[in-house]
Amino acid sequence: MAPWPELENAQPDPNKYMEGDTSQQSTTPGKGKDTSQNDSGTPVTKIELLPSYSTVALIEEPTAVEDPWDLPELRDTGIKWSERDTKGKILCVFQGIGKFILLLAFLYFFVCSLDVLSSAFQLVGGKVAGQFFSNNSIMSNPVAGLVIGVLVTVLVQSSSTSSSIIVSMVASSLLTVRAAIPIIMGANIGTSVTNTIVALMQAGDRSEFRRAFAGATVHDFFNWLSVLVLLPLEAATHYLEILTNLVVETFNFKNGEDAPALLKVITDPFTKLIIQLDKKVINQIAMNDEAAKNKSLIKIWCETFTNVTQMNVTVPSPENCTSPSLCWSDGSYTWTIKNVTYKENIAKCQHIFVNSSLPDVAVGIILLLASLLVLCGCLIMIVKLLGSVLRGQVAVVIKKTLNTDFPFPFAWLTGYLAILVGAGMTFIVQSSSVFTSAMTPLIGIGVITIERAYPLTLGSNIGTTTTAILAALASPGNTLKSSLQIALCHFFFNISGILLWYPIPFTRLPIRLAKGLGNISAEYRWFAIFYLIFFFFLTPLAVFGLSLAGWPVLVGVGAPIILVILLVVVLRFLQSRYPRILPRKLQSWDFLPLWMHSLKPWDELIFLLTGCCQTRCCFCCRVCCRACCLLCGCPACCRCSGCCRILEEEQDTPIKAPKAFDNMAMSTEAQDGVPRSQVDGPATEVTSSSTAL
């Protein structure tokens, strides 16, 4: 319903309200003017305002609801290029070059911190991960193999490391290809935890955190949904095993060169000065080597010399000789000649902890804290630099390039091109974690949409498998077939997942689920940490513990939980789509206690548990608290969280304008060409956009 034309001429004069009330409202609603005479007989035009009609117009006008997923406008607040003098233009050019160099530097340290973070996780949990693999009795259970893959990859923060352990076990006949496929699926899930951790660093701003966390967890949901469909299918038909075996047998693969280490060439000179690990120890623990359990993962000697010589050795009896011709007796001793391997250490490594006497766990914790600190600092600086660079026309060009589809007949090809771009970029950096983690802050600041980030992430999954295939081709002859078949299983698993969850638009469930989780995490930011711990640590550990108890226990506990989850999903679907077919009591979740269908009571509980920190800071401290709120988001355990909550409440407090000036605001906006009803919500009182500071 359009607003009445009389509102355009409205003035904040109370007398006109009085004249309108004393006159007989005999005119039609479409005409607001009535001609009468005053005492002198001169005709006077009176303006009649009909408050009832104007109120109805304000109430019935639909309110434009802002979509939280719309990309923000990155406006240029600086001086325009045309308004700068020669000195200002030169200074602007040097500032741009300096920002670009700083951006590359912070991106370099960001990637290096991810590498050190992986090493830290391996020091803390690498031996535990090896012991997970050493228990071969439960790996015949596909569900147990899946959660082992998740736990090991989360602990070592590298799907490449867990895949190499699996390849070694398959080549040594400790594990069959059929039992290794669920572990590969679990490794695919575990590798997505890195960019989810990176998204937590953007919790300071709700809008940025909503987009960043959704962009990170779209990878999680794709992996979980793919496993949910493909793991039972593989257990029933073994299609991945049959398909990869057919490919390996058909094509006569030969040993080739190793995959080109493009990014490692740049980062290794720096990361090797911090820490170097002997990853063979984890493999030896997985192979049930008892001597390896006491070895340290920290690499001490980087240059060694191995020499094989023939030496005379004593043996208990002539039967232990290498050959009868090389066996002789000298009194009470029997001698023979054997090849003895002698290993000589030549040069030590040059990293920081080479001469340290600290245990592996202590070194891992130190590196974990330091790498997280550097990761957080680099991410904050990258976001700030991108926010200052991506302004004005530069932002428009980048956003159009990344988010615009092809013309109409070929619009569907845009997503598939994005998949190829994601695969190519991941092949260059040789790590899906690095690529998706670098993309997460771009999603947060609004340069890339979730819909465009989804195919890029799928391409990243493909890219990391092609790197594994090249690495498998470089394997020695005895492990070539097994390593290549494992790498192809990983490749076809991701291809199958893409065919399930991408080609048809309504099957792109990961996008909708990630947006829902992003909305929840933006409102209750503690839920993001709960999601991370619950789905990547507690659930896999619980399933692993039940698997140790036996298959009947796992089915007896897991089947009722799965049935309840399916019942909730079906009921939620019916409530949203077909509520009339349900009984009145089941049309909403109000029949349950509030804590069972709402996070608000849990939020209040967490606030109460951390209430000792909710204290007002002095003025001097509040300056620091503002910076803390902007950078880290101030979790409830932080001393500044009270100030953060106070600041948010103050910014959300509107100031109501007096009623006498409502029509003045309407007339001003009508002159500007913007109807008041498009701005205000459906209320009888008009509120100004000012906020209390």
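Q: What makes T217 part of helix 8?
A: T217 is found in helix 8, and a helix here is a DSSP run of H or I with at least four residues, numbered from the N terminus. Bear in mind that this is a predicted model, where local features need pLDDT of at least 70 and side-chain atom pairs count only at pLDDT 80 or more, while totals for chains, interfaces and linings use all residues. Residues are numbered from 1 along each chain as its sequence is written, and side-chain values use heavy atoms, with hydrogens and water left out.

Q: Why is T217 called buried?
A: Buried means under 20% relative accessible area (1.4 Å probe, protein chains only), with exposed over 50% and partly exposed in between. T217 has 0% relative accessibility, so T217 counts as buried.

Q: What does T217 touch, leaving out residues up to four places away in sequence?
A: T196, A514, L517 and Y531. Contact means heavy atoms within 4.5 Å.

Q: Why are helix 16 and helix 18 called oblique to each other?
A: The axes of helix 16 (residues 450-473) and helix 18 (residues 509-523) come within 10 Å and cross at roughly 125°. Axes are lines fitted to C-alpha atoms over the stretch in contact, with angles running from 0 to 180 degrees between N-to-C directions. Under 35 degrees is roughly parallel, over 145 roughly antiparallel, 65 to 115 roughly perpendicular, and the rest oblique. The pair is therefore oblique.

Q: Which residues make that contact?
A: I450, E451 and Y454 of helix 16, with P510, I511 and K515 of helix 18.

Notes. Helices (H or I, at least four residues) and strands (E, at least two) are DSSP runs, numbered from the N terminus.
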